[in-house]
Amino acid sequence: MPQATSRPAAYAARLHGVSKAFVPRRPVLDGVDLAVRAGEIHALLGENGAGKSTLMKILVGLLRPDAGSISLADAPVDLDRFTPAEAVRRGIGMVHQVSALVPAMTVVENLAFGDARAGLWFHPRRARRAAERLAARFQLEVSLDRRVEDLAMGERQRAEILRALGRGARLLILDEPTSVLTPREAEALFASLRGLRDAGRAVIFISHKLSEVEAVADRVTILRQGKATASLSAREADARELGRLMLGRDVPPLERPARTPSVAAPALEIRGLCAPGLSEASRLREIDLRLDPGEILGIVGIDGNGQRELEEVLAGVRRPTRGDVCVGGRRIAPRPRALRAAGLAHLSGDRDGAGLISAFTLAENWILKGSHDDRRFFRRGWLDRAAARRAARAAAERFGIVPADPDAPIASLSGGNAQKLAVARELDGDPSVLVAVNPTRGLDVGSARFVHDELLARRRSGGAVLLISTDLDEVLALSDRITALVRGALAAVPPGSDRAAIGAILLGEAAA
Amino acid sequence: MEALLEASVRLAAPLLIAALGELWVERSGVVNIGIEGTMLSGAFAGFAAAVATGSPAVGLVAAAAAGCGVGILFATFAVVRKLDQIVVGMAVNLIALGATGLGARALYAGNPPAAPTLAALPVPGLAELPLLGPALFAQTPFVYAALGLAVVVGLGLSRTGAGLRLRAVGESARAADAEGIAVDRVRFRAVIAGSALAGVAGAVLTLSHSDVFTEGMTAGRGFIALAVVIFGRWSAGGVVGAALFFGAATALQFRLQARGAEIPYPVFLMFPYLVTLTVLAVAGGRARAPADLGRPYRREAPAG
């Protein structure tokens, strides 16, 4: 590998005064400065909507800023000619939040298809050897011959990092890379990133998780409402201070008062539940659980171990092969309307797919759940639009949803505000059981905090919450009891288990 | 039997050419249902040029050029302007139907002459082989070209850089864009190439299968080519098999029609289509289309 003879660049990227507005006079970015040194892991921290993604899209050539300048490796960039291809040529590699690999292709093919050096012919064996060399050089372990869709998330991410490096990336941008990873996978990722940094590559690490920034970053730049509010050495700040800089206010720790054991009938009881799975590992095997009123039961697990199947059974859209679901002591046929009528509400883990309809307005989404039988909004099949809009506006105001406009489509809301609407809708009608699946996935700190507060408020008022989540911290913070879902079966988690102990259970490594 | 095989391959040739073109287009993520009208345009242009010059070769070039023209029309709206591909395709079909009908009346006033056709070109020796000889080695150049094209498209998709990029665009336009591949350019070119082939496929009808042009003479063959791509599971080999299968169904239909005098002939005309539908319903279930098929690519809407 020939070495560049010139002096290495001091800064991998410098952005100065970058501004961007999609709507006139409402800037998403407002004069942002960002300086990333070579050989540095630089965290970009901010809430959803703070402008992180927009800033990065500018840096990778997908968007053109309205004002400002960029230099890469100490050389200025002509923004009029700055395309994604040019950004790749200048050494920028983006690892996307939603993987930008082609799922139906193998890792080798993915590494090959965008390679500018590829000639007329594609040689599978030669491409594979090149991929092998690359993986060995950067010590990233990836199954090269498998299709990307068959890889676990951590491995997909390594494949994508590998591809960026194969394009000669000097600056890697990772957009919320850990949101799809298990704790162990995240640790492995951090180790890889440190290795890259020590090899002189620069990394921009986008996140809203303060603990991760502390764990891996050398420097932090904080974005709030389109402005870079601070840029400091990661050693200078602790998580609490970073949180304050990011939100502009202090976030008090969650309080979960002790619970008095309930003597009432269980709010939800599942006995011997079996259901077919999307894969063999996610088939539900003999699920038994009991959830009392005023209790939060946390079910942790790694994606693909049956969470989705359990969610779907409780939503009534997956037919179990065996077993009973009882709500409030009564056996309920597991169909959507029967479950809902029995008082079971469902906060979907697939917010954009199964939860809300993004092209519908707030008001339309608000009344969707009750569209068969809710007399408040429907009379003999006719829709009472005024009542729907009133109800949606009231909910939006009560829950602080921005904009509180019943006619705004969900697509125009941020993820946090959309989730607030989903939470508000599910809690409307005072369900006795709330099934919440990854309720804060992809949300910023402020919105996540809102959701957590609402779940705890349910618990205080005697509601039962089944929290199915892959976020271990969330489950630990909220749950009265924790159980693990591993390969479609529940595995006991002893009270007082810490992260490491639970991680071992999730990986099926717990001592027998 | 020999005659039936020969007819199967002969009837499969235009389908195969059109379907291979459509395969290339669909692997780039575009559904061009305008292929029916494109074939019809090729059939007419090929016929008119061959009649005017007396040369079927010139007709062939004209057919390909007409296909390109229709392809540019489709791609301008469906790829560049990103209108709904189905709507644009239907519009192309109806425009082509009207334009070729108008052209035929204007030029020939309801009394078209016969076009010079491309003669069969038997391969000496091989054409006398029993059973498969006539089917594979005593055909017109169209048939040889169709079979050769299958190899070119198959290898092009799997073994060339352009094919790899094309497949990436069809499977995930976003991923391809992020890698610096110009998604719309790849798709535009694919549509032009596929449409040129559809034009040539149309010319087979007027310069080989018959020597006349009649209004709407493609009679749904373009749509069958679309079905052939699906039935062939978006692979070149599969498309060859599917086209031959449909060619055989059509050949059989002619044979049955010649025999069964009491049954009304439209029943036989429906036969190949019913067979295709049945096979698609049974075998097509597990086929997997390119993930971004039919979705115009726009860079994401602005978000935080």
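## Two crossing helices

In this predicted model, helix H2 (residues 35-53) of chain B and H9(B) have axes that come within 6 Å and cross at roughly 55 degrees. H2(B) and H9(B) are therefore oblique to each other. The crossing in which H2(B) passes H9(B) is right-handed.

On the H2(B) side, the residues that make the contact include B:Ile35, B:Met39, B:Ala43, B:Phe47 and B:Ala50. H9(B) contributes, among them, B:Ser195, B:Ala198, B:Val200, B:Gly202 and B:Leu205. Sorted by class, the contact of H2(B) with H9(B) has 13 nonpolar, eight polar and no charged residues.

## A residue in H9(B)

B:Leu205 lies in helix H9 (residues 183-209) of chain B. Is B:Leu205 buried or exposed? B:Leu205 has 25 other C-beta atoms within 10 Å, and 20 or more count as buried, so B:Leu205 is buried.

In sequence, B:Leu205 and B:Phe47 are 158 residues apart, while in space they are 9.1 Å apart, C-alpha to C-alpha. Neighbours within four places in sequence aside, B:Leu205 is in contact with B:Pro14, B:Ala43, B:Ser210, B:Met217 and B:Thr218.

## The contact between chains

How many residues does the contact take from chain B and from chain A? Chain B gives 21 residues and chain A gives 31 residues. On the side of chain B that touches chain A, helix H7 (161-171) and helix H8 (173-178) of chain B are the elements that give two or more residues. H7(B) supplies the largest share of that side, six residues.

By class, the side of chain B that touches chain A has eight nonpolar, six polar and seven charged residues.

How values were computed: Residues are numbered from 1 along each chain as its sequence is written. Chains are lettered from A and ligands numbered from 1 in the order in which they are written. This is a predicted model: local features need pLDDT of at least 70, side-chain atom pairs count only at pLDDT 80 or more; totals for chains, interfaces and linings use all residues. Helices (H or I, at least four residues) and strands (E, at least two) are DSSP runs, numbered from the N terminus. A residue is buried if 20 or more other C-beta atoms lie within 10 Å of its own, exposed if 12 or fewer, and partly exposed in between; C-beta atoms are placed from the backbone. Two residues are in contact if their C-beta atoms, placed from the backbone, lie within 7 Å. Axes are lines fitted to C-alpha atoms, for helices over the stretch in contact, and angles run from 0 to 180 degrees between N-to-C directions. Angles under 35 degrees count as roughly parallel, over 145 as roughly antiparallel, 65 to 115 as roughly perpendicular and the rest as oblique. A crossing is left-handed if the near helix is turned anticlockwise from the far one by less than a right angle, and right-handed if clockwise. Ala, Val, Leu, Ile, Met, Phe, Trp, Tyr, Cys and Pro count as nonpolar, Asp, Glu, Lys and Arg as charged, and the others, Gly among them, as polar.
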